[in-house]
Amino acid sequence: MTGKKVTWGVENYKMAIENRLTHSSASMMWSKGIMRFYHNELALNVPESVYFPREDSLLLAGVLEKEKLQSKKVLEVGCGSGFLSIVMASGKAIVTAVDASKDAVEATKLNAKKNDVSLACFASNLFSAVTSKFDLIVFNPPYLPDDSDDKTYSGGKSGREVIEKFIKQAKNHLNKNGKILLLISSLTGEQDVLSLFHTCSFKTKIAAREKIPWEELLVIEAIV
Ligand SMILES: C[S@@+](CC[C@H](N)C(=O)[O-])C[C@H]1O[C@@H](n2cnc3c(N)ncnc32)[C@H](O)[C@@H]1O
């Protein structure tokens, strides 16, 4: 960029989200008012009210596909259409998926059935309805700095409002040697998010990075 200040208004975000769709390596198709998403062997139906998997989801999926997941107890917070939970269930993990949106919970259950994998899924505001502990917790959160009410992508003014609460609560739900994989954007503030982890005594490393138009996406791996 050449010294020109960019203001990240709603229109820019809409454009960024459209860009993600058009740059996505997975394929998609509209059919009878429902968006279909395809990745490797998986096929998902994504209702309009639920987050459509994009570059952020695919970057996390790439990290998860390299993890040894067999028999691991994993939790996905903010499962959306269920894409990442279904990737993990396909890798033989024991998956619990939660989302604050009832439509997302419904979509995840239907997509798990459609893809012949088994997982537990229920509504939860972060960990509010989660009672157990996990070896791995995965979250592709609302991480963009924006004050809209759309909780699929808006992380409040700082972009870190949901992330901060998540990091503070996550430790109580991790088994010994458990880890977190959290997706953020350069717009969320890499150093700010790392500091939030360090303040809660997590050690961190960057598990993956990808530059896309407008921003860079990162997967942070955090362990206690
Ligand atoms: C960026 S989308 C990711 C969806 C899906 N994991 C994916 O990668 O395609 C963020 C998801 O987090 C959910 N979410 C937002 N705030 C939440 C909260 N406080 N507790 C649980 N889920 C939340 C949204 O409803 C949305 O489904």
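Is serine 85 buried or exposed? Keep that in mind as you open the viewer; we will select this residue later in the tour.

**Before you start**

Residue numbers count from 1 along each chain, following the sequence as written. The model is predicted, so local features need pLDDT of at least 70 and side-chain atom pairs count only at pLDDT 80 or more, while totals for chains, interfaces and linings use all residues.

**The whole chain**

Show the chain as a cartoon. You will find 6 helices and 10 strands; helices (H or I, at least four residues) and strands (E, at least two) are DSSP runs, numbered from the N terminus. Of the 224 residues in the chain, 40% are buried. A residue is called buried if 20 or more other C-beta atoms lie within 10 Å of its own, exposed if 12 or fewer, and partly exposed in between, with C-beta atoms placed from the backbone.

**The sheet**

Now select the open sheet of 7 strands, which runs in the order β6-β5-β4-β7-β8-β10-β9 with mixed pairing. Two strands pair if DSSP finds at least two bridges between them. Look at the edges: β6 (120-123) and β9 (203-212) each have a single partner strand, so one side of each is left without a neighbour in the sheet. From one strand to the next, the twist averages 15°.

Next, pick β9 together with β10 (residues 215-223). These two pair in the antiparallel sense over 9 bridges. To follow the pairing, click lysine 203, which stands opposite isoleucine 223 in β10. Then try threonine 204, whose bridge partner in β10 is alanine 222. The two strands form a hairpin with 2 residues between them, and tryptophan 214 in the turn has a positive phi of about 85°. β10 also pairs with β8, in the antiparallel sense over 7 bridges; there, serine 185 stands opposite leucine 217 in β10.

Two residues are in contact if their C-beta atoms, placed from the backbone, lie within 7 Å.

**The core**

Select Leu60, Val74, Leu84, Met88, Ile137 and Val138: these have the most contacts inside the largest nonpolar core, which has 61 residues. Such a core is a set of buried Ala, Val, Leu, Ile, Met, Phe, Trp, Tyr and Cys residues joined through C-beta atoms within 7 Å. Zoom in on leucine 84; beyond its neighbours within four places in sequence, its contacts include Leu60, Leu64, Val138 and Asn140.

**Back to serine 85**

Serine 85 lies in helix α3. Serine 85 is buried, because 29 other C-beta atoms lie within 10 Å. Setting aside neighbours within four places in sequence, serine 85 is in contact with Glu76, Cys79, Val95, Ala97, Thr108 and Leu119.

**Around the ligand**

Which residues are closest to the ligand? They are Ser57, Gly78, Gly80, Ala100 and Asn140, from a shell of 24 residues. The elements that give two or more residues to this shell are α3 (83-90) and β5 (94-99). A residue counts as near a molecule or strand if its C-beta atom, placed from the backbone, lies within 6 Å of it. The shell divides into 14 nonpolar, 8 polar and 2 charged residues. Here Ala, Val, Leu, Ile, Met, Phe, Trp, Tyr, Cys and Pro count as nonpolar, Asp, Glu, Lys and Arg as charged, and the others, Gly among them, as polar.

**Last stops**

Click leucine 44 in strand β3 (residues 42-46). Leucine 44 counts as buried because it has 27 C-beta neighbours inside 10 Å. Draw a line from leucine 44 to asparagine 111: they are 67 residues apart in sequence and 5.6 Å apart in space, C-alpha to C-alpha.

Finish with serine 71, in the loop between α2 and β4. Serine 71 has a positive phi of about 65° although it is not a glycine, and it is exposed, with 9 other C-beta atoms within 10 Å.

Methods
Axes fitted to C-alpha atoms, helices over the stretch in contact; angles between N-to-C directions.
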